[in-house]
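Dear colleague,

I am passing on the structure below, followed by some notes on how its parts meet. Please read them alongside the coordinates.

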Amino acid sequence: MTTAGDEVALLINPSAGRGRGARAGRRAAHRLAAAGLTVRTVAGRDVREAADLARESVEDGVRALVVVGGDGMVHLGLQAVAGTGIPFGVVPAGTGNDFARALGLPLRDPDAAADVVAAGRLREVDLGRTEGQWFAGVVAAGFDAKVNDRVNRMRWPKGPRRYDVATFAELGVFKPIAYHLELDGEVLDLEAMLVAVGNIPSYGGGLRITPGAELDDGMFDVVVVAPVSRATLVRAFRRVKRGTHTAYPFVTVHRARRVKLDAPGITAYVDGERLGPLPRTFDVVPRAQQVYAPPGGLP
């Protein structure tokens, strides 16, 4: 008789990657079963149902929780599994996939990602925590957050172009933000274009905003971009993909275990999800979660 402890719960976001999640979920389920694992496939019709299914699976004591989707699905799954001792896996199928990228997972091959789970190699990684929520990635709390706000208000265009349109629209009205920042107790009051708090190097589908961040060093990397002209900000963002923007003199990098952040009118985002308005405190929880990862160490 099969018990919950023998099952891998496979949580699918059917709408991830404009339908890619459903296809990836089917392939991953087949691959895991072919490797001899017992698979419990669950798919929520909306975020609330998916969260409930993830929590119920973990409470049942499944062998592992594996999510199929993007960074939003990672964020949802972590709320259920973090702190329980149950391993966590990811089959990338979203538009960003930055947590999967940080783990070195294959981003567009569900079979290969499922094979990582089947191989059973676990690594311990750090997570962030704020007001009871766990997170894996980079906190956006400046110009980037304002762009997200604008995207969420837009009905056109669809797809990735929406971010391009929102970015240029926000550039036309954006002004430096007054921040109150505390890094392990060190107080900084300053104006900046953005402050990013990174547990991993990238957000937004490979934008390496905190390029030195590592998943298992017990620290956040905090990148601060000082006030610059709009043209200079655009030039800097062109270098974010490679992570070379930190060479600019107006970009500073700090490291801290606890970050307290406040700025008027700023809503923070992480893992592609809206966290809520500042002020907030962000803490690193070292080696908080076991995750399935490929050999060769974390990139």
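How much area do domain 1 and domain 2 bury between them, and what share of it is on carbon and sulfur atoms? The model is a predicted one, in which local features need pLDDT of at least 70 and side-chain atom pairs count only at pLDDT 80 or more, whereas totals for chains, interfaces and linings use all residues. Residues are numbered from 1 along each chain as its sequence is written, and side-chain values use heavy atoms, with hydrogens and water left out.

The domain assignment, whose bounds come from an automatic or database source, gives domain 1 as 4–120 and domain 2 as 138–284. Between them the two domains bury about 810 Å², 66% of it on carbon and sulfur atoms, where buried area is the accessible area (1.4 Å probe) that two parts lose on being put together, summed over both. Of the area that domain 1 buries against domain 2, His75, Asp98 and Ala102 supply 50%, more than any other three residues.

In terms of contact (heavy atoms within 4.5 Å), eleven residues of domain 1 meet twelve residues of domain 2. Across this interface the rule finds zero salt bridges, a salt bridge being a side-chain nitrogen of Lys or Arg within 4 Å of a carboxyl oxygen of Asp or Glu. On the side of domain 1 that touches domain 2, the elements giving two or more residues are α3 (71–81) and α4 (98–103), helices here being DSSP runs (H or I, at least four residues) numbered from the N terminus; the largest share, five residues, comes from α4.

Best regards
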